[in-house]
Amino acid sequence: MNRSHSMALTSILLAVMAPCLFSADEHAPGEADVAAWVADLTDQGEKGLLAVQRLKAAGAEAHAFLEKAAGELEPDLARKLRSRSVLAYRKAIGSSAEKELHSLLTTAAWELPKEPPAFLANERDEAMRLLEAAGSDAIPVLLSTYPEDDYARYALARDILVKRGKEAFTAVTALLGHPAFIARLRAVHLLALIKGDEALELLSKASSDSNVEVRRRVLKAWAEAGGQWALRTAEYLADKDPSIRVTAVRAITGRPEGAEAVAARLADESFMVRKAAAETLLSVGEPGFEALRRASSDAGAALARLEALRALGLSVRPDPQAPDEARQLRARLAPVAADMLRKLLNDPDWAVRAAAAEGLGLAGMAEELRPFLSGEAHPFPRFRIEEALGEAGRGAPPNPARFEVPAPHPAASGIGMLAWLSGELETIDEALLALKMARKDLLFDRNFTRDEFRFPAVQKGLDDPLSLPGIAREAIERLRDARSSSPFAILGALPFAAQMSLNRRPDELRAPLVFQDAVSSLGRSSLPPALAKPLLEFLSGADWHAELGAALGNLDAADRKRILSHVGELGWDPQLLPIWKKVDARALGRAADIFARSVGNLASALAGSELPRDSKGVLWEAETPCGRIVVSGHGPDRYEAPYFLIVDLGGDDLYLGESAAGTRGTEALNAASAVVDLNGDDRYEAKGHVAQGAGFLGLAALVDLEGNDTYRATAHAQGCGWFGAGLLADLAGDDRYDADQVAQGAAGFGFAALADMSGDDIYYARAYAQGFGFTGGVGLLADSRGNDLYYIDGKYLQYENMPHRKLSMGQGMGYGMRPHASGGVGLLWEGGGDDVYRGNAFAQGSSYWFAMGMLVDEEGFDNYSAAIYSQASGIHMGVGFLADLDGDDNYTSWGLSQSGSHDLGVSVMIEASGNDIYTCQDASLGGAINHAVAIFLDRSGRDAFFVKNRMAAGSGDLQGQKDWQSIGIFLDLGGGEDTYPVQKGGNGRFWTEGNCGAGIDK
């Protein structure tokens, strides 16, 4: 409705209602006046504000009229009218009734930004004044916003409540027990802002809250209050969460009476707590120095000792800006610290020598280290000495004879290389020790949110980064064992690859025969036994039908309609999550396994039989509850209509439309569908969606045994499972796969596989493909051998303002529905051949949001290129893994790649053998940022590392307000002559980057 219409409506309503609205008072406005003011309310400038002021004098009658008029207008206009009319009404009658307060909470004043435009600022200010002046009944109304997601409304309510002070205590105390942690957190925040002893005492009710953020806010409030309240922070020194212990330790900064309690945390199991304890002891004067000196002598607490040695040097570092008393204390203690550090430069433990050298350098006594340089054989103490002298990387490498190298690992090949081999975990321990850490420091909690959609493999990888090679090996072993029994059993192995158990269904729940009519027709047909018998066995083994019914039987028409509304797109829709909960995922996995094996057994039986070679055209047809069956002979056949089953004995065939497309929910498509093509150079062309082995609300399998085939499709195709399961298996030939998105081994809320057993193949997709797992999905692309090209790039922008950066989301990619649900598992498994991988953003063993992406290439001279978040990259609590087990390989990326992780992500990359080339920048090659873990390992060969900045090759740091570490580890253990960037790493060297990144070349 436009403005002229709204003015006309209000004028008419006013004309009808005016006699009832206004008294005979000589000061009452005329009908024309009120009509004009109402019309002016839609103006966003001074005219509208003036109308508000005038209507305030009209009283409650004007408010009633305005509410009725607003109910007839467009929603946006109605909100503006209600906002201004409620304000006018509240000002006129001065009521604080709960009904009117709720009205204020829903007015546009709450929806404005923190700094609204000038013409709306007065309205927000007036809303706040009215709420501030309201009686005590306003408090529960204001607190009702606390559990909500609308931060703007919460912030406004909080600011008003702070001014109400302890008047709100009773209601806030009740809120401290609210089931939603956000409500408890905001209540604690409110009390902290109100301050005062009574408010701070109330915080003790939340001091043991189950949520770490609530406890942290209580601790922070007490620490900021100082005095007796600061002493309460000691209660948190033994908190189960290390980030809370860090905050508690730092709350004692500057308090000498807390030195002993802080010193005990030097032996904490968490690196960040140990570091915070050492830094806090620096702030408490001589008691802190004595605590550090004692810890420096304690050989029984190795990690505490190393942290104390570093801090000891800092404690006596000259500081011209310090107060006179502090400078005098440092001057008096410096000789004691220096003497102790000098003596430890001859300690038999290389880590102690390194820490002592670091301490002397930090104390400003670097020149005292120079005499020790020539005699130091171990590369890490040598690095610390060179670093203190400002000569890191310039001197000759240490004597290799004195550099401990891992024992030769036993012969391993293939997936046997998917493990930490002899000496490698010990070398990781060395790198961690150089950082004053141990393996436990890799295990910090990344699960700030949990949901029921997370796969066990993802959780295990997040909990323990060192478990990733084992997770990948177990997945490949599962898939390899399944493939060895039948190439078609690979679909049923996908849940196990994600460490999801399918369980067995009792036999009595199996379905009766559902293809009776087709079986009878088959018995009457003239098909030879070699053809009829495998078909009979397939139609008789209908257990998959019962399992599919059990899996999807709880979905109603509305559910199916919602799911089907996403045909042709990724379907990033939180409303799908409660629908997925209705699905029995284990039954779906069992249905997929049985169906794929049944189709595979049919194909294998036909391939091994003596079938008539001169038969052409349709040999047999039948109708079934799942759709039509057709069997065709040799020759160039053409298929367009949807079928339940197509069996083609040979010839160069053309498949159009929904071939091998299992869909439940429409009359035109089937809940299950399969194609078995025995040979020929076939063309599969689908201009629509859901085709070529795509189970969308159903099951699908496409099996092509021989020939150089071409597959073209748009979306949900070529091995796709979406609330279903799909398989595309091509056993021989040089094939080409072309699709837009959600294809080539892509699954969301289901299971999908594309398995190509041989040939030089080309895989081309635009996004969400080639081993892609979305929420609730496990997607696999498995290519057994051949020189293959994988290309996924070129259409969908990651950011509108970055036209050069396109989304790939594939080639072993797991993706979650942030912030609603964890992601799935995506795997690309390449058995052999010289392969080329091309991607852009998010590709090649990467993941996003509680998901897992893996790429495993067993052999061949391979070439990998991508832009960002690729080549083993865990992003936003994602798990990324890439392993290339043999061959001279080339890796190129921009950043956060080649084992680069971000925001609580985890990544591991293993390059097992060969002479390799790496080109990268920005948090790569074991580069971690924002509380992440990244481990890079190159086992052997003469390698070249071209790094364009220093945030790579073993780079990590402490970052963020929680002081979580980002741990980056780089290992090159091959012993070959490698090429490193200038002043970065080196043959036979051991270095650190940041205070949580380490690199080793052995």
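**Helix pairs**

Axes here are lines fitted to C-alpha atoms, for helices over the stretch in contact, with angles from 0 to 180 degrees between N-to-C directions. Helices (H or I, at least four residues) and strands (E, at least two) are DSSP runs, numbered from the N terminus.

Before going on, I noted that this is a predicted model, where local features need pLDDT of at least 70, side-chain atom pairs count only at pLDDT 80 or more, and totals for chains, interfaces and linings use all residues. Residues are numbered from 1 along each chain as its sequence is written, and side-chain values use heavy atoms, with hydrogens and water left out.

Which residues of helix 19 meet helix 20? I found Phe-289, Leu-292, Arg-293, Ala-295 and Ser-296 on the helix 19 side. Across from them, in helix 20, are Arg-305, Ala-308, Leu-309, Ala-311, Leu-312 and Ser-315. Contact means heavy atoms within 4.5 Å. By class, I get seven nonpolar, two polar and two charged residues there. Ala, Val, Leu, Ile, Met, Phe, Trp, Tyr, Cys and Pro count as nonpolar, Asp, Glu, Lys and Arg as charged, and the others, Gly among them, as polar.

Next I checked helix 16 (residues 242-250) against helix 18 (residues 271-281): the angle is about 5° and the axes are 9 Å apart. That is why I put these two, helix 16 and helix 18, down as roughly parallel. Helix 16 brings residues including Val-246 and Val-249 to the contact, and helix 18 brings, among them, Val-273 and Ala-276.

**The whole chain and its core**

I stepped back to the totals: 34 helices and 47 strands. Of the 1002 residues, 60% are buried, where buried means under 20% relative accessible area, exposed over 50% and partly exposed in between (1.4 Å probe, protein chains only).

The largest nonpolar core has 283 residues. Such a core is a set of buried Ala, Val, Leu, Ile, Met, Phe, Trp, Tyr and Cys residues joined through side-chain atoms within 4.5 Å. Helix 34 (residues 585-607) gives the most to this core, with 11 residues. Phe-595 is among the residues with the most contacts inside the core. Leaving aside neighbours within four places in sequence, Phe-595 touches residues including Phe-538, Trp-544, Phe-644 and Leu-699.

**Buried or exposed?**

Helix 24 (residues 379-389) has nine of its 11 residues buried, so it is largely enclosed by the rest of the structure. Those buried residues pack against helix 22, helix 23 (370-373), helix 25 (424-434) and strand 46 (990-992). Just after helix 24, I saw that Gly-390 takes a positive phi of about 75°.

Leu-360 sits in helix 22 (residues 350-362). Leu-360 is buried, at 0% relative accessibility. Its C-alpha is 6.6 Å from that of Leu-341, 19 residues apart along the chain.

Last, I looked at Glu-623 in strand 1 (residues 618-624). Glu-623 is exposed, with a relative accessible area of 53%. Glu-623 and Tyr-643 are 9.4 Å apart, C-alpha to C-alpha.

Definitions and conventions:
Parallel < 35°, antiparallel > 145°, perpendicular 65-115°, else oblique.
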